[in-house]
Amino acid sequence: MLQWCGELTGSDPTLLFEQQWQWLGDEAAALERKPYAEARAWAIERCGEWALVPDSDRAAALKAQLIERARQSTDIRDRLRALAATTGSIEIDANQAISMRQMLEQALLAGRPELLADVGRVLENSLVARADLLGPYAGYGAVTLFSLLGCDLGAPCGGDSDALRRSCALRGYCGYPDYETMLFDAYHGARARELIQSHRADLLRRIRAGDVVGLFDPLPLPPKP
């Protein structure tokens, strides 16, 4: 909430989106404008006091407190989010890396589809999103891949889902019937889609079978030249 609501404190992008919509023609522009206005109003109401300027002292202090609280939480989702949100330099020893991989495996076995997007954020956006620490799925595309796995397992991903409304309110990606359609139209080309879908099918089968041990084992790095 603190992270995405902070984006509402920047300059209003509505004028930019209006300039883009004008090339669609009046009828199509009207179809874009209505869901955007609704999503923007929803985001502003939803965020409330969470809409803090990201680099302000208050936001920085609150973020640090929330990360520390989440790190010590008994809820695996909190711990995943603490790991994904950690900033600054970080050194990981072998035992810590093993614990991280075990936490990701536990998240896949927890029967909670909402955890999959957080797994993707750890694998793509965190400071430990490296193949030599977290295996072959670490890096670009992990958020999309694991978010879609969450959709497959029951997370809300329809036209009224929070994820889709956030994308509309903050990025202007509006009018899509579901989260998957938006991701592949707005973010990924045909080749990336082919790769993501291929891994998605295999991972979905393994998660449903409970066969997740080793999924995040590290890949050896090539020798330095």
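A residue is called buried when its relative accessible area is under 20%, exposed when that area is over 50%, and partly exposed in between. Please keep in mind that this is a predicted model.

With that cut-off in hand, let us begin with Arg200, which is found in helix H12. Is Arg200 buried or exposed? Its relative accessibility is 9%, and because buried means under 20%, Arg200 counts as buried. The side chain of Arg200 makes a polar contact, at 2.6 Å, with the side chain of Asp152. Leaving aside residues up to four places away in sequence, Arg200 touches Leu145, Leu148, Leu149, Asp152 and Glu180.

Over the ring of Trp4 sits the charged end of Arg166, 5.4 Å from the ring centre.

Next, the aromatic residues. How many aromatic pairs does a search of the whole structure find? The search finds seven. I shall present two of them.

In the pair of Trp21 and Tyr36, the ring centres are 5.5 Å apart and the planes stand at 65°, so the arrangement is edge-to-face. Trp21 belongs to helix H2 and Tyr36 to helix H3, so this pair ties together parts that are 15 residues apart in sequence. Trp21 is buried, at 4% relative accessible area, and Tyr36 is buried as well, at 3%. Together with Phe17, these two residues form one aromatic cluster.

The second pair, Tyr173 and Tyr187, is also edge-to-face, with 5.4 Å from centre to centre and 85° between the planes. Tyr173 lies in the loop between helix H10 and H11, and Tyr187 in the loop between H11 and H12, so the pair ties together parts 14 residues apart in sequence. Tyr173 is partly exposed, at 27% relative accessibility, and Tyr187 is partly exposed at 38%.

Thank you for your attention.

Notes. Residues numbered from 1 in each chain as written. Predicted model: local features only at pLDDT ≥ 70, side-chain atom pairs only at ≥ 80, totals over all residues. Heavy atoms only, no water. Phe/Tyr/Trp six-rings, centres within 6.5 Å; stacked < 30°, edge-to-face > 60°. Helix = DSSP H or I, 4+ residues; strand = E, 2+ residues; numbered from the N terminus. Buried < 20%, exposed > 50% of the residue type's maximum accessible area, 1.4 Å probe, protein only. Lys NZ or Arg CZ within 6 Å of the ring centre and 35° of its normal. Polar contact = N/O pair within 3.5 Å; in protein donor to acceptor, adjacent residues only side chain to side chain. Contact = heavy atoms within 4.5 Å.
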